[in-house]
Amino acid sequence: MAQIIDGNLVAKQIRENLKEKVEFLKSSGEQISLAVIIVGDNNPSAVYVKNKRKDCEEIGIFSAEYALPENTTEEELLDLIYTLNNDDKINGILVQLPLPKHISEEKILKSVNPLKDVDAFHPQNVGRIMLGDYLFLPCTPSGIMDLLQYYNINCEGKSCVVIGRSNIVGKPMAMLMLQNNATVTICHSKTENLSEYTKKADILIVAIGKAKYIKSDMIKENAVIIDVGMNRDENGKLCGDVDFDDVKEKCSFITPVPGGVGPMTRATLMKNTVNAALLQKK
Ligand code: NAP
């Protein structure tokens, strides 16, 4: 049976550490603030925003929420971001995606001050990841690197396969593994004979959004399995992209869903917000 990678445990330690830092900053008169913007009434987004508020409260970060109606114009949203960019009391700005179709996500993400871009979605921050000289890392890949480190899983020289090439997970994930000296292969929906790649992976990171897609016959014996997926199974139960019950006897480590990568994504957002405040202080 694989060792279960406990994201809740590692995330809790990160939050406790951040709480101390925030208390210390508060004692010298610094209040850290995160602005969270949500446009329209997308249910999953509302849940994510609620969780972010909860994390902020626990750590002592002030959460400024801007819930805008569905018919908000691009101009109005840009105006709000402009105001927040120039507000010294706001350290981090997060625009909850997806945005309504009439608003260009690209334009909006580009408008956030890169020093307040706690999601690391601004092109400047994305480019800095390529160079290995970053201010912020996107929350999910960064959280995964912290999990690997916590469990002493060494990436150097290992064959790592990342399935998925999204800008927020797959691509930056591959880049971080490369920077940690893994030999990296990126697979996607057009990859032919996916199993040929996955079966060779010492570390397999799956971010495709397809419930229980990866089965035991697709993985290498003793592989480390990182499951990013968040899906509902046939019974409406939360599950990952990996068939946990099927692979758990064959791999060496595995992240469960829930309780694996998800809590780390949340904790990393808090970490990025505190780092943003420290960067702005400099
Ligand atoms: P996305 O933007 O939809 O990207 C999915 C990627 O998977 C694409 O690159 C796609 O290939 C690839 N793909 C889809 N089906 C495939 C298949 N059968 N074989 C190989 N590749 C396939 O999704 P995302 O934002 O990266 O998120 C992926 C999953 O992670 C979702 O379930 C999401 O909910 C979850 N997620 C979880 C967290 C967390 O904190 N746990 C954070 C973010 C995302 P193409 O590029 O060719 O289309």
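**Salt bridges and a helix pair**

Mentor: In this predicted model, the side chains of glutamate 106 and lysine 110 meet in a salt bridge, with 3.2 Å from N to O.

Trainee: What makes glutamate 106 and lysine 110 a salt bridge?

Mentor: The rule asks for a side-chain nitrogen of Lys or Arg within 4 Å of a carboxyl oxygen of Asp or Glu. The N to O value here is 3.2 Å, so the pair qualifies.

Trainee: How are glutamate 106 and lysine 110 placed in helix α4?

Mentor: They are 4 residues apart in α4, and are therefore separated by about one helical turn.

Trainee: Why is glutamate 106 called exposed?

Mentor: Exposed means over 50% relative accessible area, and glutamate 106 has 55%. Lysine 110, at 46%, counts as partly exposed.

Trainee: What makes aspartate 243 count as buried?

Mentor: The cut-off for buried is under 20%, and aspartate 243 has 15%. Its salt-bridge partner is lysine 215, with the closest N and O atoms 2.9 Å apart. Lysine 215 is partly exposed, at 32%.

Trainee: Which parts of the chain does the pair of lysine 281 and glutamate 30 tie together?

Mentor: Lysine 281 lies in helix α10 and glutamate 30 in the loop between α1 and β2, so the parts joined are 251 residues apart in sequence. The closest N and O atoms of this salt bridge are 3.8 Å apart.

Trainee: Why are α1 and α6 called roughly perpendicular?

Mentor: Their axes cross at roughly 100°. Angles from 65 to 115 degrees count as roughly perpendicular, so the term applies to α1 and α6.

Technical notes:
Residues numbered from 1 in each chain as written. Predicted model: local features only at pLDDT ≥ 70, side-chain atom pairs only at ≥ 80, totals over all residues. Heavy atoms only, no water. Axes fitted to C-alpha atoms, helices over the stretch in contact; angles between N-to-C directions. Helix = DSSP H or I, 4+ residues; strand = E, 2+ residues; numbered from the N terminus. Parallel < 35°, antiparallel > 145°, perpendicular 65-115°, else oblique. Buried < 20%, exposed > 50% of the residue type's maximum accessible area, 1.4 Å probe, protein only.
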